[in-house]
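Thanks for coming. I will go through one model, starting with a helix pair and then moving on to a sheet, the overall shape and a few loop residues.

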Amino acid sequence: MQKTANTTDTAKSELKEAILSSKKSFLAVGFFSLFVNLLMLVPPLYMLQLYDRVLTSRSEGTLYMLTGIVVILFITMALLEIIRSNILVKISNKFDSLLNERVFNTLFDLANKKPGKASSLPMSDLTQIKQYMTGNGLFAFFDAPWIPIYIAVLFMFHPYFGYFAIFAAIVLVIFTILNQMMTKEKLGEANSLSRASTMYVDANLRNAEVVNALGMKNNIRKLWSEKYYGFLNAQSEASYKAGTWANISKSSRMLFQSLMLGLGGYLAIHDEVSAGMMIAGSIIMGRALAPLDLIIGSWKGFSSAKTSYERLDSLLKDFPTDKEYMQLPAPEGEILLENVVVIPPGSKVPSIKGVSMLINKGDIVGIIGPSAAGKSSLIRIILGLWPLVQGKSRLDKADIYQWDKDLLGQHIGYLPQDIELFEGTVSQNIARFNEVDATKVVEAAKKSGIHEMVLRLPDGYDTKIGAGGATLSGGQRQRIGFARAVYDSPVLVVLDEPNSNLDEAGEAALLRAIKMLKEIETTVILVTHRPSLLQVTTKLAVIKDGLLEVYGNTNEILAKMNEAAQAAQNGQVQKRISSQKTAAKISLSKPGS
């Protein structure tokens with residue numbers, strides 16, 4: 001099946017659906033949490049029995065029996081805790097497996113539609129959510145619903161114990177709310193500034209050569225410092241407040257436990273509770289308040305996970321899953337543009353304004369025009385890389401956006417202005433990181449005229465290329481990029497300034513390769529500023545200010561352009577002669593001439 005953008009249900013939350021897909025597992029965690037929390041009553045009840053039964057009866061048999069039961073119950077609780085933790089680990093792994101591919105693909109959609117805003121941070125957001133799902137903070141939310149059980153036990157000991165526990169719980173809930181109110185804004189600001197700081201560093205690292213060569217490092221560092229210290233200050237302020245409330249909560253819980261002992265002592269003096277109940281009541285209330293204390297202590301982690309969730313959810317909603325279409329047959333290479341209008345990402349002004357043109361299978365089309373005329377925008381429309389504001393871009397009569405990009409990419413070759421090679425071997429780059437087929441790789445290299453050049457590299461086709469192809473010259477990168485474009489005989493090859501880094505030998509090899517593509521009726525579209533490449537084209541399109549000024553047979557258009565240039569030149573000559581005659585007349589008319 002093929003896909004295109006589906007915007008019928010942009011409100012759907014894929015993150016929520018991924019979490020709900022593990023609903024039964026979460027219920028299992030809750031079920032085990034019930035027994036874990038019930039078993040948490042073992043220590044205080046054991047203490048109660050020791051004080052009220054063993055010490056009064058001085059029975060060693062009772063002590064051995066109670067101790068044996070407690071050991072068995074603690075082993076059971078440990079097993080339940082392990083099972084509960086393992087279930088959460090499986091939930092987080094399932095959550096990650098459901099979304100990692102989706103998030104990864106969305107990053108490339110974001111990079112296409114919003115250049116400069118894409119980074120790997122959404123993958124970090126996914127990791128942040130996953131890590132929180134396996135941390136202690138989440139256990140606090142599972143344990144909190146069982147607080148009433150502990151309070152009910154305290155009521156069984158004495159009503160005053162129950163009422164005091166309710167009062168203490170309310171106080172800690174208030175602390176939790178205050179902690180959230182006091183830290184929410186600063187934590188959000190810190191997360192935002194941290195993201196901006198990281199993206200700024202990533203963006204400048206890609207231009208490290210220029211930064212070092214022009215001595216810009218200190219200036220870049222100053223700008224980065226403003227963002228980084230803004231993040232650091234916001235995080236510090238939030239951490240100070242979160243730490244304050246966490247310590248207040250912890251101290252208050254210990255205070256309430258001590259006060260519970262005091263209350264138990266008062267009731268024991270009046271023979272309303274036993275000494276064992278006094279001790280057990282304090283322990284049980286500490287356990288009842290522990291989830292609230294843990295929630296406050298782990299609030300920063302919860303807030304970070306919540307921010308990551310919201311950010312990732314927003315990203316996935318902005319780039320919804322694609323609608324499935326029936327798979328189309330392999331394309332033949334006919335291009336049809338119908339009144340297309342496009343606004344580049346981040347801009348408000350159209351770079352292409354209502355262009356219509358037909359490129360037949362096997363045409364070699366040159367696209368020329370002044371800088372910023374819209375030539376690169378036009379080829380991005382043809383490739384379906386940018387969304388259209390108006391019109392249709394069709395490949396073999398089908399809307400380009402109805403094609404599955406991965407399947408379509410197997411039939412298309414593309415060489416952009418900024419040649420990007422990837423970390424790996426030369427053969428892997430030429431083969432587009434498919435399983436390397438040596439025959440096809442060598443065929444592409446020979447077709448593009450780089451076979452001998454590759455053989456001269458240290459390890460030939462197995463030569464390692466660093467990230468971005470930094471170990472190669474600009475011409476070598478461009479020629480390997482061209483070999484990648486023609487790999488496996490694509491039906492459409494799009495070349496954007498393919499000879500910008502080539503010497504005479506490289507350009508001659510490029511011309512031979514395009515002629516070979518022409519012979520096998522491959523559709524070729526090339527953007528160029530150099531007239532030398534136009535000799536191999538069959539059609540020529542002239543773009544100016546986003547408009548298609550003229551499109552047709554190359555020889556006819558070049559003849560018209562030469563005639564226009566000659567006429568303009570003759571006009572300039574006549575104007576210059578006329579100016580000279582006028583100047584001469586003025587000179588002769590002056591007195592004394």
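Helix 7 (residues 147-157) and helix 8 (residues 159-205) have axes that come within 5 Å and cross at roughly 150°. Helices here are DSSP runs of H or I with at least four residues, strands are runs of E with at least two, and both are numbered from the N terminus. Axes are lines fitted to C-alpha atoms, for helices over the stretch in contact, and angles run from 0 to 180 degrees between N-to-C directions. On the helix 7 side the contact is made by Ile-151, Leu-154, Phe-155 and Phe-157, and on the helix 8 side by Pro-159, Phe-161, Gly-162, Tyr-163, Ala-165 and Ile-166; contact means heavy atoms within 4.5 Å. By class, the residues of this contact are nine nonpolar, one polar and no charged. Ala, Val, Leu, Ile, Met, Phe, Trp, Tyr, Cys and Pro count as nonpolar, Asp, Glu, Lys and Arg as charged, and the others, Gly among them, as polar.

A word on conventions. This is a predicted model, in which local features need pLDDT of at least 70 and side-chain atom pairs count only at pLDDT 80 or more, while totals for chains, interfaces and linings use all residues. Residues are numbered from 1 along each chain as its sequence is written, and side-chain values use heavy atoms, with hydrogens and water left out.

Six strands form an open sheet in the order 8-11-12-5-13-14, with mixed pairing; two strands pair if DSSP finds at least two bridges between them. Strand 8 (412-415) and strand 14 (547-553) stand at the edges with a single partner strand each, so one side of each has no neighbour in the sheet. From one strand to the next the twist averages 15°. Inside the sheet, strand 11 (residues 492-496) pairs with strand 12 (residues 523-527) in the parallel sense over five bridges, and Asp-496 stands opposite Val-527 of strand 12.

What packs on this sheet? Helix 13 (residues 375-383) does, touching strand 5 (364-368), strand 8, strand 11, strand 12 and strand 13 (539-544), and its direction makes about 155° with that of strand 11. Helix 18 (residues 474-485) lies across strand 8 and strand 11, running at about 165° to strand 8.

On to the whole chain. The protein has 20 helices and 14 strands. Its radius of gyration is 37 Å, whereas a compact globule of 593 residues would have one near 25 Å; the radius is taken over C-alpha atoms, and the globule rule is 2.2 Å times the number of residues to the power 0.38. Along the principal axes, the C-alpha atoms fill a box of roughly 135 × 75 × 50 Å. Of the 593 residues, 42% count as buried, where buried means under 20% relative accessible area, exposed over 50%, and partly exposed in between (1.4 Å probe, protein chains only).

Last, the loops. Thr-522, in the loop between helix 19 (504-519) and strand 12, is buried at 3% relative accessible area. Beyond four places in sequence, its contacts include Gly-362, Pro-490 and Leu-517.

Most residues other than glycine have a negative phi. Asp-396 has a positive phi near 55°; this residue sits in the loop between strand 6 (390-395) and strand 7 (398-399) and is partly exposed at 24%. Ser-489, in the loop between helix 18 and strand 11, has a positive phi near 50° and is partly exposed at 39%.
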